[in-house]
Amino acid sequence: MSPAQSRAARALLDWSQGDLAGKVGLGEDVVTGFESGSSDLASGQIEALRSALMAAGVVFTNDGSAGVRLSGRGGDEGTRLGALTTENDR
């Protein structure tokens with residue numbers, strides 16, 4: 001997820017940086033730094049932010065250019081039981 005995708009996803013959900021940070025237990029300054037490009041986050045922190053946005057119905061797209069949209073079905077269903085592998089843990 002890019003900083004621009006994070007900003008766009010929050011806008012679609014009408015979330016502040018503090019709202020997103022609160023969903024994953026990070027400080028608002030962490031989200032602010034990531035979205036402004038002034039600080040690098042660990043991949044796990046970025047994934048936590050991305051997962052929170054996806055759980056709220058954001059779909060990340062990369063069909064020619066990276067973007068975001070809202071899901072028509074109301075949220076991320078996660079990984080189906082039959083599709084679980086050790087690769088899903090990463």
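Reader: What makes Glu35 a buried residue?

Author: In this predicted model, the relative accessible area of Glu35 is 4%, and since a residue is called buried when that value is under 20%, Glu35 belongs to the buried class.

Reader: Which other residues of H3 are buried?

Author: Besides Glu35, the buried residues of H3 are Val30, Val31, Gly33 and Phe34. The cover over the buried residues of H3 includes H1, H2 and H4. After H3 comes Gly37, which has a positive phi, near 80°.

Reader: Why is the pair of Glu35 and Arg10 called a salt bridge?

Author: The closest N and O atoms of Glu35 and Arg10 are 2.8 Å apart, and because the rule asks for a side-chain nitrogen of Lys or Arg within 4 Å of a carboxyl oxygen of Asp or Glu, the pair is counted as a salt bridge. This pair links distant parts of the chain, with Glu35 in helix H3 (residues 28-36) and Arg10 in helix H1 (residues 3-13), 25 residues apart.

Reader: How do you know whether Arg10 is buried or exposed?

Author: The relative accessibility of Arg10 is 11%, and with the cut-off for buried set at under 20%, Arg10 therefore counts as buried.

Reader: How many salt bridges does the rule give in total, and what makes Arg50 and Glu47 one of them?

Author: The count comes to two salt bridges. For Arg50 and Glu47 the closest N and O atoms are 3.7 Å apart, and because the limit is within 4 Å, this pair, too, is called a salt bridge. Arg50 and Glu47 are three residues apart in helix H4 (residues 43-55), so that about one helical turn separates them.

Reader: Why are Arg50 and Glu47 placed in their accessibility class?

Author: Arg50 has a relative accessible area of 26%, while Glu47 has a relative accessibility of 37%. The class between buried, under 20%, and exposed, over 50%, is called partly exposed, so Arg50 is partly exposed, and Glu47 is likewise partly exposed.

Reader: What describes the way in which H2 and H3 pack, and which residues meet there?

Author: Helix H2 (residues 17-24) packs with H3 at an angle of about 120°, the axes being 8 Å apart, and the crossing of H2 and H3 is right-handed. From H2, Gln17, Gly18, Leu20 and Ala21 meet Glu28, Val31, Thr32 and Glu35 from H3. By class, this contact of H2 with H3 has three nonpolar, three polar and two charged residues.

Reader: Where is Ala4 found, and how do you know its accessibility class?

Author: Ala4 lies in helix H1. Its relative accessibility is 42%, and as this class runs from the 20% cut-off for buried to the 50% cut-off for exposed, Ala4 counts as partly exposed. Between the C-alpha atoms of Ala4 and Val68, which are 64 residues apart along the chain, the separation is 9.6 Å.

Reader: What elements make up the chain, and what part of the residues is buried?

Author: The chain has four helices and two strands, which from the N terminus on run α-α-α-α-β-β. Of the 90 residues in the chain, 30% are buried. The accessible surface of the chain comes to about 5,500 Å², and 47% of this surface belongs to carbon and sulfur atoms. Among contacts in the chain between residues at least 6 apart in sequence, 46% join residues at least 24 apart.

Key:
Residues are numbered from 1 along each chain as its sequence is written. This is a predicted model: local features need pLDDT of at least 70, side-chain atom pairs count only at pLDDT 80 or more; totals for chains, interfaces and linings use all residues. Side-chain values use heavy atoms; hydrogens and water are left out. Buried means under 20% relative accessible area, exposed over 50%, partly exposed in between (1.4 Å probe, protein chains only). Axes are lines fitted to C-alpha atoms, for helices over the stretch in contact, and angles run from 0 to 180 degrees between N-to-C directions. A crossing is left-handed if the near helix is turned anticlockwise from the far one by less than a right angle, and right-handed if clockwise. Contact means heavy atoms within 4.5 Å. Ala, Val, Leu, Ile, Met, Phe, Trp, Tyr, Cys and Pro count as nonpolar, Asp, Glu, Lys and Arg as charged, and the others, Gly among them, as polar. Accessible areas come from the Shrake-Rupley method with a 1.4 Å probe; for residues, only the protein chains shown count as cover.
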